[in-house]
Amino acid sequence: MKGSMVLCGVGGMGILKASEVIAEMLIAQGLFVRQSEVHGMAQRGGTVITHLRFGEEAYSPLLMRGEAEYMIAFESMEALRYTPYLKLGATVVVNSFCLHPPGVNSHRYPTNIPETLQQAGFQVTVIPATEKSLKLGDVRVANMVLLGAFSRIFPIGNKEDWENAIHKTFSGEVLELNLSAFREGRA
Amino acid sequence: MHRAEKRIMLGNEAFARGAYEGGVEVAAGYPGTPSTEILQFLSHYREVHSRWSPNEKVAFEVASGAAIGGKRALATMKHVGLNVASDALMTLVYTGINAGFVFIVADDPSMHSSQNEQDSRNYAFFAKVPALEPANSAEALLFTRLAFQLSEEFDLPVMVRSTTRVSHSRGVVIPGVRETHPVRPYRKAAEKYVMIPAFARKSRVVLQEKLKMLQEWVEETPLNRIEIRDTSLGVITGGVLYDYLREVLPSLSVLKLGVGYPLPRKKIEAFAEKVEKLVVLEEIDPVWEREIKSWGIPVRGKEIFPEIGEITPDTIVERLSPEKKREYIDLSTYLPPRPPVLCAGCPHRGIFTILRELEATVCGDIGCYTLGTLPPLSAMDTCLCMGASISLAEGIKLAHQELPVVAVLGDSTFVHAGIPPLIDAVYNKTPIVVLVLDNGTTAMTGGQDHPGTGKTLLGEETVRLDFVALAQAIGVPFVARLDAYHLAHIRETLQKALAARIPAFLIVEGLCQLKKKERAVPLTVEDQWCLLCGLCNTLGCPALLKEEEMVHITPERCAGCGVCAQVCPFCAMREVEVR
């Protein structure tokens, strides 16, 4: 069992936390994980990507172009930006949320993003994760809604495995909220 | 009984763990991407005295002193921080240490969050300091732990060199238990620790003897590992590049260098014998290639691999085995870019708007405010290195008396390297205006405390450095304290300061947006007043969107700072009514 994925979006959307949960879940299955992430300046509302590789052996924390089997896009347009990392026909879970870059005229924001991805041959699932998170009362848990949706598609880990990983990553009052967001996304 | 348990750790967490297990007692550093989290993780281990220092030189010296005193000690910094600490390093190799002294330096190939991409391995060769090169989290832990032993064995400081992809990648580690060492006795030994010329000349000879012994060790250590597979090509590499290579071209023969300096000459010669062709795969400078070539071994390096920027798995495949490239689809063409920006509500935004309006020559510094460089704020004329805003401003003023020259730097940067140049401006009577944007934290690296915040790394209350009193003590003739969100007052004071033609020090206070706790009341645009003049859009605020026929404020993003309302000539921005 081996594979790889990218998580992408905009700094501050909880991408690191989501990839931490995935890594914890995979480790608990006895797999090795390598993952690279972006800190520092790129987090000030800039574009962000995390690479994750897993398997009985896993060395490189960076992926090659054309390699990732899965993508979780926390913002619609960022899904398009990182398509070069995807294997042909890869699975893409994309948040329907669109965040316009500041100072850019809004007509430059692409339309029909899911259709564009589908036409390029990717398996696309669109999730209104931000909307759902707002209904749960906190936009910050959109990441767990997306993860819940992803967990249905991803072949490794059952509901319990995922929830155990969430328990390992969060504590205190935010734990319950993150768990309910995950369940909302998985439902 | 300790149970070995697999854990996934960020590289920087593993460095901290390695230092902890290696029995470190004192640790000091200054925040800098990609090194910052090492000390933050280490501060969770309460057995270790961890602290932020005002700058890397102080951190390095405090840790050196602790080691000389008899406790194992660590200093952490980013690559450019080692420039600041290098003065101490260059002579510490002469004195040696007592208890183990390790410093971790994190390079940033491709400059993800830095002003240059210098290669710290050059410092290892320059200072003659042994340097270890971990490839991943497991090695970050192991090598850091080992570095303390090595340091004591050879009575030398030891460098552990990281890069962004080692520090900021996660990997599996098996944590161990902490070694404990009694504090070593401290004895006065002037010949060893006082580097007056007579003693330094002797120490230089001692250093050479240590290097000879180190050379024997480096040939034997398993940290340098030969892996013979397909012998048509042999690759000498180290750090994270080893992990890339192992992933994408696993059949090649490799000499993995875990020690970046000194190089194991015999081992390299033996490896060269076993393979048909030899290449060096190294990031940034051809440091190893130069050395190996100097021994007359035929090897290629930078004629194959780029000398600029980070090397990725893609680069390795393209240059060594292009047939292995994969097909991919690129849907990213024509997408608008999404660069990092100053946060909505950032206290720096207003001041940059005023500086632009006054057409000031702005010497900037290292920190979040560099995000105000690009349009629409276009706020900076220069940004060189920590603290250089003030001294560069002085120089530009000397070249052009007629320019309104302003230095802009943050609170943490001011403490780091801004105080001597401020003294210089007063001493030499250079009529510049120094603006310290005091947001109460080291913001760009994620919000660390410093002497101006009144809190230590361990969260203890401490004496808070009073910037105004400091400036007055230095003798700055024009000192004022300003509110970052009161634009009219800032404008008026700044104009006065520039007109006065004397050194001026203005402290502009406004808490970092990331540190604010209370929920903001967002603003909204009242369409009947908005004439679409676009002035608010020149603020570069991520909460403001200009649609075809209207300006819109995204309520979830708006921090309610009111800067746009102060800029709008038609008073179209109002607070959203709270029901």
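Read along its sequence, chain A of this predicted model follows the pattern β-α-β-β-β-α-β-α-β-α-α-α-α. Chain A therefore has a radius of gyration of 16 Å, close to the 16 Å that the globule rule gives for 187 residues, so it is as compact as a globular protein of that length. The pattern comprises seven helices and six strands. Along the principal axes, the C-alpha atoms of chain A fill a box of roughly 45 × 40 × 35 Å. Of the 187 residues of chain A, 58% count as buried. Among contacts in chain A with a separation of 6 or more, 66% are made by residues 24 or more positions apart.

In chain B, strand 4 (residues 73-78) is mostly covered, with six of its six residues buried. In a regular strand, side chains alternate between the two faces of the sheet. Both faces of strand 4 of chain B are covered: Ala73(B), Ala75(B) and Met77(B) are buried on one side, and Leu74(B), Thr76(B) and Lys78(B) are buried on the other.

Strand 4 of chain B pairs with two strands, as tabulated here.

| Partner of strand 4 of chain B | Bridges and sense |
|---|---|
| Strand 2 (residues 26-29) of chain B | four bridges, parallel |
| Strand 5 (residues 101-107) of chain B | six bridges, parallel |

Towards strand 5 of chain B, Lys78(B) has Ala106(B) as its bridge partner. From strand 4 of chain B the chain passes through helix 4 (residues 79-95) of chain B to strand 5 of chain B, and this β-α-β crossover is right-handed.

Terms used:
Residues are numbered from 1 along each chain as its sequence is written. Chains are lettered from A and ligands numbered from 1 in the order in which they are written. This is a predicted model: local features need pLDDT of at least 70, side-chain atom pairs count only at pLDDT 80 or more; totals for chains, interfaces and linings use all residues. The radius of gyration is taken over C-alpha atoms; the globule rule is 2.2 Å times the number of residues to the power 0.38. A residue is buried if 20 or more other C-beta atoms lie within 10 Å of its own, exposed if 12 or fewer, and partly exposed in between; C-beta atoms are placed from the backbone. Two residues are in contact if their C-beta atoms, placed from the backbone, lie within 7 Å. Two strands pair if DSSP finds at least two bridges between them. A crossover is right-handed if, with the strands pointing away from the viewer, the path from the first strand over the helix to the second runs clockwise.
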